[in-house]
Amino acid sequence: MQKIRGTRDILYDELKYWRLIINKAKRIFEQAKYLEIYTPIIENTDLFTKSIGEETDIISKEMYSFQDQSSRNITLRPEGTASVVRALIENKLDTLNPINRVWYCGPMFRYERPQTGRQRQFYQLGLECFGSNNPRADAEVIYLAVKLLKQLSCKSLILEINSIGTSLSRFKYQEKLKNYLLHYVSDLDNDSIKRLYTNPLRILDSKDINTQKILLDAPRLYSFLDLRAKKHFEKVCKYLNLLQIPYLINNNLVRGLDYYNNTAFEIKTDIINPKLQNTICGGGRYDNLVYQLGGNKVPAVGCAIGMERLYSLLQDTISFCTSSIDIYIASQGNNANKYSLFVMQLLQARQFTVTLDLSSKSFKKQLKKAHKGHASVCFIIGEKEMLSRTITVKWLQSGIQEIFKQESLQFYTQYLKNKINNDI
Ligand code: ATP
Ligand code: MG
């Protein structure tokens, strides 16, 4: 049997990094009063079609949708924001609190072409701030994402930021852009030709060199923005300066989801590797989504970090020291095997990490496994020890052996604790 294409197993060595990321995120976000939320992985398909936009890649070709036993249309969530907004409205949080700050981490599903940094099941770590249209909220969200990446020692990151204004500005601009690009149809890449009639704004995002050249002289979205949007953007930039967060204004930055307005941003690595997906974090403002999905008129801003892409960045920069203080228990014979369970229970109660050998093989083989598992000491309990009511302890680094009385197991554990702490 094989796993489904585009999915991954995350084994212990990688999971260590994931834990580190989540623990740091939890500390940073909760320090800023962002509260964690879990939403279901399955939602009504409508939730996504109504929010992300029918003409986006996600809705038009990437959804994992199916009908359940009662013919309901269900979708595995492709992103977190729409679900969080649904939960906000359903739990009346938008009525209860003027401001709601939340964060989440969980799996998302998109039927994309699997490649490095792009899976069909991937995890996003996201934060959302509801209830303020103040540009300081945009700055806060960006600040927290940048802070997390910085604290994880991510280097060579670039924050790109843009304003995509209101849907009306975008609509007007879209027409102008389309008219301009129609003159160059034959030189555009295939994806962009398709997008010309469905979602011309996304052409700005094209990675194709020819298309990029054509775009150099295209009309600028910025000049279509109204005064309010421009003022908002200027303030966001000012606050980022104040927080000493470097950024690059990229007027061609548009997001792949329709619900954004005003601020749009991405955090990218500057590592030039065509095989690597270099966007780690994407986000922006979405002032109309809560209302659009049936809630109050609640402005919002948020972002999401791709866990797998972040992990691939950290993999080479962070290493974990393995100062293990594990105890391995090797035993042989019925009485000794039974007694080993008691010893395990007592040691774990004293906060040691304990591995019980379950093989009943020779002590030589059991000791080999203790070495392999990087234990500090091995407790040896055989027939001989059971007769003399002792336990033999072997220090695996030095090979030194000690024997102590079973009745003084409690005292011995204290001695062990002190000794291990002094050694580390
Ligand atoms: P991209 O342009 O790379 O497709 P996106 O604009 O679709 O990204 P968002 O929907 O904004 O991405 O998601 C935010 C982050 O989630 C991305 O920056 C990326 O780190 C991660 N992400 C998105 N899609 C995938 C995927 N298929 N596999 C792994 N990570 C992903
Ligand atoms: Mg995408």
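In which sense do strand 3 (residues 64-67) and strand 4 (residues 73-76) pair, and over how many bridges? They pair in the antiparallel sense, over four bridges. The views below come from a predicted model, where local features need pLDDT of at least 70, side-chain atom pairs count only at pLDDT 80 or more, and totals for chains, interfaces and linings use all residues. Residues are numbered from 1 along each chain as its sequence is written, chains are lettered from A and ligands numbered from 1 in the order in which they are written, and side-chain values use heavy atoms, with hydrogens and water left out.

**View 1. The hairpin of strand 3 and strand 4 has five residues between the strands.** Strands here are DSSP runs of E with at least two residues, while helices are runs of H or I with at least four, and both are numbered from the N terminus. Two strands count as paired if DSSP finds at least two bridges between them. Look for phenylalanine 66, which sits opposite isoleucine 74 of strand 4. In this hairpin, serine 71 takes a positive phi near 60 degrees.

**View 2. Three strands make an open sheet in the order 2-4-3, with antiparallel pairing.** At the edges are strand 2 (42-44) and strand 3, each pairing on one side only. On average, neighbouring strands of this sheet are turned by 35 degrees against each other, direction ignored. Axes are lines fitted to C-alpha atoms (for helices, over the stretch in contact), and angles run from 0 to 180 degrees between N-to-C directions. Strand 2 and strand 4 run antiparallel and are joined by three bridges, with isoleucine 42 opposite leucine 76 in strand 4. Helix 2 (residues 45-52) packs on the sheet and touches strand 2, strand 3 and strand 4; contact here means heavy atoms within 4.5 Å. The direction of helix 2 makes about 70 degrees with that of strand 2.

**View 3. Five strands form an open sheet with mixed pairing, in the order 13-12-14-15-16.** The edges belong to strand 13 (353-356) and strand 16 (401-405), and each of them pairs on one side only. Neighbours in this sheet are turned by 25 degrees against each other on average, direction ignored. Strand 14 (residues 377-381) and strand 15 (residues 390-395) run antiparallel, joined by four bridges, and valine 377 faces tryptophan 395 of strand 15. Helix 13 (residues 334-349) packs on the sheet, touching strand 12 (326-331), strand 13, strand 14 and strand 15. Helix 14 (residues 363-372) packs on the sheet too, touching strand 12, strand 14 and strand 15. The direction of helix 13 makes about 165 degrees with that of strand 12, and for helix 14 the angle with strand 12 is also about 165 degrees.

**View 4. Ligand 1 is surrounded by 16 residues.** A residue joins this shell if one of its heavy atoms lies within 4 Å of the ligand. The closest are Arg110, Glu112, Arg118, Gln124 and Arg255. By class, the shell has five nonpolar residues, six polar and five charged. Nonpolar means Ala, Val, Leu, Ile, Met, Phe, Trp, Tyr, Cys and Pro; charged means Asp, Glu, Lys and Arg; the others, Gly among them, count as polar. Strand 10 supplies the largest share of the shell, four residues.

**View 5. Side chains of arginine 118, glutamine 124 and arginine 255 reach oxygen atoms of ligand 1.** The distance from a polar side-chain atom is 2.8 Å for arginine 118 and 2.9 Å for glutamine 124. For arginine 255, a side-chain N or O atom is 2.4 Å from a ligand oxygen. Taken alone, ligand 1 exposes 580 Å², and the protein buries 90% of that (accessible areas by the Shrake-Rupley method with a 1.4 Å probe).

Notes: Polar contact = N/O pair within 3.5 Å; in protein donor to acceptor, adjacent residues only side chain to side chain.
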